[in-house]
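Hi everyone, thanks for coming. Please bring the structure up on your screens, and we'll walk through it together.

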Amino acid sequence: MFTIDTDTNLPKNDLYPALNKQLAALLAGETDLICNFAQFSAFIMQTVEQVNWVGFYFAKQNELVLGPYMGKVACTRIPFGRGVCGAAAASMQAQRVADVHAFDGHIACDSASASELVLPIVVDGDLIGVLDIDSPIKNRFDEVDQVGFEQLLTTLIQGTEFDWSL
Ligand code: SME
């Protein structure tokens, strides 16, 4: 059994480096994409406060298709350019939205979601998909959270083989 012993009450400047270390230990020795992405989702849900949905969409022919996640059931396909996830995919830029209800085209998968952070997953210049993190409180994610999640995502990408097929 893998025990997560990070103090989740650490100030966020200390929390993300501690989580990153623990994530690297959790993923060590395993490179399978579905396995690692599923573990990542559960790890975040278990360690980051005020998150109601975390998971992945994979880029397939100008659409995002739902991948491993933790949270309520979600929409399965999102065209590039639609909603927060679609905006991140189309622009290949992070989207940090303080109030999703004020975001034009936001797709409400869980009505509890109030703010959202979406990071594109780019490997060797190609868009693989996006990481989506939703919070039930407005303005949940700041620059420290974004940089922290970018580092966690880097650890995930570095520990995963992307020449996969289903
Ligand atoms: N709210 C997202 C859709 C995905 S769910 O939140 C899981 C969006 O607007 O892209």
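Let's begin with a pair of helices: H2, which covers residues 33-47, packs on H4 at an angle of about 150 degrees, and their axes are 11 Å apart. Angles over 145 degrees count as roughly antiparallel, so H2 is roughly antiparallel to H4. Keep in mind as we go that this is a predicted model.

Which residues of H2 and H4 make the contact? From H2 we have Asn36, Phe37, Phe40 and Ile44, and from H4 come Phe149, Leu152, Leu153 and Leu156. Sorted by class, this contact of H2 with H4 has seven nonpolar residues, one polar residue and no charged ones. The crossing of H2 past H4 is right-handed.

Now bring in helix H1, residues 12-27. The axes of H1 and H4 (residues 143-158) come within 10 Å and cross at roughly 15 degrees. Angles under 35 degrees count as roughly parallel, which means that H1 is roughly parallel to H4. H1 also passes H4 in a right-handed crossing.

On the H1 side, the contact is made by Lys12, Asn13, Tyr16, Leu19, Asn20, Leu23, Ala24 and Leu27. On the H4 side, you'll find Val144, Asp145, Gly148, Phe149, Gln151, Leu152, Thr155 and Leu156. How do the residues of the contact of H1 with H4 divide? There are nine nonpolar, five polar and two charged residues.

One pair is left. H1 and H2 pack with their axes 11 Å apart, at an angle of about 145 degrees, and their crossing is right-handed. H1 brings Leu19, Gln22, Leu23, Leu26 and Leu27 to this contact, while H2 brings Asn36, Gln39, Phe40, Phe43 and Thr47. By class, the contact of H1 with H2 divides into six nonpolar, four polar and no charged residues.

Let's move over to the ligand. There are 13 residues around the ligand, and Val84, Cys85, Ile107, Glu116 and Asp134 come nearest.

Where do polar atoms of the protein and the ligand meet? For Cys85, it is a backbone N or O atom that lies 2.8 Å from an oxygen atom of the ligand. With Glu116, a polar side-chain atom is 3.2 Å from a nitrogen atom of the ligand. His106 also takes part: an N or O atom in the His106 side chain is 3.3 Å from a nitrogen atom of the ligand.

Methods: Residues numbered from 1 in each chain as written. Predicted model: local features only at pLDDT ≥ 70, side-chain atom pairs only at ≥ 80, totals over all residues. Heavy atoms only, no water. Axes fitted to C-alpha atoms, helices over the stretch in contact; angles between N-to-C directions. Helix = DSSP H or I, 4+ residues; strand = E, 2+ residues; numbered from the N terminus. Parallel < 35°, antiparallel > 145°, perpendicular 65-115°, else oblique. Left-handed = near helix turned anticlockwise from the far one by under 90°. Contact = heavy atoms within 4.5 Å. Nonpolar A, V, L, I, M, F, W, Y, C, P; charged D, E, K, R; others polar. Near = heavy atom within 4 Å. Polar contact = N/O pair within 3.5 Å; in protein donor to acceptor, adjacent residues only side chain to side chain.
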